[in-house]
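Have the sequence and the 3D view open while you read.

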Amino acid sequence: MKILHTADWHLGKRLDRFSRLEEQISAMEEIISIADEENVDLILVAGDLFDNFTPGVEAAELFYKTLKRLSQNGKRPVIAISGNHDSPNLINAPDPLARECGIILIGHPKAEILPFGTEHFKIINSKEGFIELELENTDFPVRILHTPYANEVRLKEYFGENKEEEINKVLSETWKELADQFCDTSGVNLLTAHLYMNKRGTEILEEPEGEKPIKIGNADLIFSDSIPDQIQYTALGHLHAFQNIGTPEKPVVYSSSPLCYSFSEAGQTKYVSIIEAEPGQPVSFIKKSLKSGRPLVRKTFTSVEETVQWLTENPYTFIELTLESETFLTADERRMIYQSHNGIVHLIPKVKSKGLTEQESIEINLNQDIEPLFRDYFKSKNGGQEANEELMNLFNEILNA
């Protein structure tokens, strides 16, 4: 059988003042196309479906339309769990209706999904944190251990007061108990979770810039050796770069977000994971790249002319722009830069220091008139840079207001 694994859609997310909705629509179309072209039998969406607890109407509409099309109106199961950006109750709310379309929405850890069936598949077994599916086109069952994200309150509710010490132990025991009971070699055995997971003894993986952190110190770090031996593939969400922290034989994969959502992700290629699995055998998987969305770029320039030329030649980007110069940008220069490109997210002027000596920096005559006093003060605070005429005009305008 074939499985598509995706995560971290963050529908409704913005980049500063810029909406990403049109890009997200394109990315969802691309994921749907890949699922259809690859003729996958099952789809896993591993959390952070929305970017916040109260998504807007357009984001919610895109989410439901995408899931419905992924499910081919009930022909193939789609299983979506909540992440740390999602409201579990909001994810759970449409579940009865979603089931009619072959969509299984799981908001809370330890959720027990009531058995149901469509014309093309059915849940034949269910327990807290576990479902077993029988698909129309396969002659073996699919078992899925599911663990949506749990916040501090829910972690204590589910895992006890000493969750910092116990969470690895409790998850390991819970998953092992389910795997020992249900996951033999006569079916395909999967785990999907939205957790901060890493391989024991390796370098800590950085969370994305601007992402709501899961890891506080190492308190919420789950080690991949907690995963039961029976699990053939683990579908993770939370980190936005594609990576396998498991082994080639038993992958533990962050599938990546569908778009670059912060400048710490600038230059990353985004993917979905396509898995081929059969009972009792190691899975194989490939990563399929996604092409949608405007590239995020961090650039540094030393002249306005060079800046404008690059911006004009690279219109379909979002850019964090640093401009190093000997003087502060004038209003005309700022206007010229912004008029040359509609995707400037941040413009960071950086004035090169002229290296004042300590003697020069502290000798300011406090008895002089206000205008030369301001000039000296500005110079002392800005590495010897003189206040330009535009700034002095603004200063006098304020002074005489």
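## Two loop residues

Let's start with His 240, which is found in the loop between β13 (233-237) and β14. Helices (H or I, at least four residues) and strands (E, at least two) are DSSP runs here, numbered from the N terminus. Before going on, note that this is a predicted model, where local features need pLDDT of at least 70, side-chain atom pairs count only at pLDDT 80 or more, and totals for chains, interfaces and linings use all residues. Residues are numbered from 1 along each chain as its sequence is written, and side-chain values use heavy atoms, with hydrogens and water left out.

Is His 240 buried or exposed? Its relative accessible area is 4%, so His 240 counts as buried; that label means under 20% relative accessible area, while exposed means over 50% and partly exposed is in between (1.4 Å probe, protein chains only). His 240 sits 15 residues from Ser 255 in sequence, and their C-alpha atoms are 7.6 Å apart.

Pro 248 belongs to the loop between β14 (243-244) and β15 (252-254). With a relative accessible area of 61%, Pro 248 is exposed. Pro 248 and Ser 284 are separated by 36 residues in sequence, with 7.8 Å from C-alpha to C-alpha.

## A serine in a strand

Ser 325 has its place in strand β19 (residues 318-325). Ser 325 is buried, at 16% relative accessible area. If you skip neighbours within four places in sequence, Ser 325 is in contact (heavy atoms within 4.5 Å) with Lys 350, Val 351 and Lys 352.

## Helix α1

Helix α1 covers residues 21-37, 17 residues in total. From first C-alpha to last, α1 reaches 24 Å, close to the 24 Å expected at 1.5 Å a residue; the expected span is 1.5 Å times one less than the number of residues. Buried residues in α1 include Leu 21, Ala 27, Met 28 and Ile 31, and also Glu 23, Gln 24 and Glu 30. After α1 comes Asn 39, with a positive phi near 55°.

## The cores

A nonpolar core is a set of buried Ala, Val, Leu, Ile, Met, Phe, Trp, Tyr and Cys residues joined through side-chain atoms within 4.5 Å. The largest one has 32 residues, and Leu 4, Trp 9 and Leu 70 touch the most other members. Elements giving two or more residues to this core include α1, α2 (57-70) and β16 (270-276). The top contributor is α1, with 7 residues.

A second, separate core has 29 residues, among them Leu 42, Phe 116, Ile 131 and Val 253.
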